[in-house]
Amino acid sequence: VRPRADVREQDGKYTIEIELPGVRKEEVVVRVSTDGKCIEVEGMTGKEAGNEAEGDEEQVPVEIERVLVRGTTFARTIRLPRRVNIGSSEAWMKDGVLTIKLEKAEPEGT
């Protein structure tokens, strides 16, 4: 699944808004590439059903872990025209929209 995204450039910053309805902030990972020109957002919608332990009390206890996942993974990569300053970034989720603000880095050689 590829979520819808909007990228705006204003006042020396990029503002990226990504629609993630039904996704909690704990289910989202945001990464900036090492060259500072690419943003990757990924995660999963839905919840884990949990772990189930199975075993027979009369035998040596053996725990079998089973994770059942209900949901959909998503990923979106956005290439920016200019490098960003990772240290001044901020991100938040509100009403199913992830907003990321990134300050443009100074051009190299200045």
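This is a predicted model: local features need pLDDT of at least 70, side-chain atom pairs count only at pLDDT 80 or more; totals for chains, interfaces and linings use all residues.
Residues are numbered from 1 along each chain as its sequence is written, and side-chain values use heavy atoms, with hydrogens and water left out.

Let's start with the whole chain. There are zero helices and seven strands (helices are DSSP runs of H or I of at least four residues, strands are runs of E of at least two, and both are numbered from the N terminus). Read from the N terminus, the order of elements is simply β-β-β-β-β-β-β. The chain has 110 residues, and 23% of them count as buried (buried is under 20% relative accessible area, exposed is over 50%, and partly exposed is in between, with a 1.4 Å probe and protein chains only). As for contacts between residues at least 6 apart in sequence, 54% join residues at least 24 apart (a contact means heavy atoms within 4.5 Å).

Now to the sheet. Strands of a sheet pair through backbone hydrogen bonds, either parallel or antiparallel. Here, four strands make an open sheet in the order 1-2-7-6, with antiparallel pairing (two strands pair if DSSP finds at least two bridges between them). Strand 1 (5-10) and strand 6 (84-94) sit at the edges with a single partner strand each, so one side of each has no neighbour in the sheet. From one strand to the next, the twist averages 15 degrees (axes are lines fitted to C-alpha atoms, for helices over the stretch in contact, and angles run from 0 to 180 degrees between N-to-C directions).

Next, follow strand 7 and its two partners. Strand 2 (residues 13-19) pairs with strand 7 (residues 97-104) in the antiparallel sense over seven bridges. If you want a landmark in that pairing, Ile 16 stands opposite Ile 100 in strand 7. Strand 6 also pairs with strand 7 in the antiparallel sense, over seven bridges, and there you can find Asn 85 opposite Glu 103 in strand 7.

The turns come next. Strand 6 and strand 7 form a hairpin with two residues between them, and Asp 95 in the turn has a positive phi of about 50 degrees, although Asp 95 is not a glycine. Asp 95 counts as exposed, at 71% relative accessibility. Now look at the loop between strand 1 and strand 2, where Asp 11 is found. Asp 11 is not a glycine, yet its phi is positive, at about 50 degrees. Asp 11 is exposed, with a relative accessible area of 71%.

Finally, the charged side chains. A search of the whole structure turns up seven salt bridges (a salt bridge is a side-chain nitrogen of Lys or Arg within 4 Å of a carboxyl oxygen of Asp or Glu). One of them joins Arg 4 and Glu 19, at 3.7 Å from N to O. This pair links distant parts of the chain, with Arg 4 in the segment before strand 1 and Glu 19 in strand 2, 15 residues apart. Arg 4 counts as exposed at 61% relative accessibility, while Glu 19 is partly exposed at 39%.

Arg 8 and Glu 17 also meet in a salt bridge, at 3.4 Å from N to O. Arg 8 is partly exposed, with a relative accessible area of 36%, and Glu 17 is partly exposed at 28%.

Arg 31 belongs to strand 3 (residues 28-32) and Glu 42 to strand 4 (residues 38-51), so the pair ties together parts that are 11 residues apart in sequence. Arg 31 is partly exposed at 39% relative accessible area, and Glu 42 is partly exposed at 25%.
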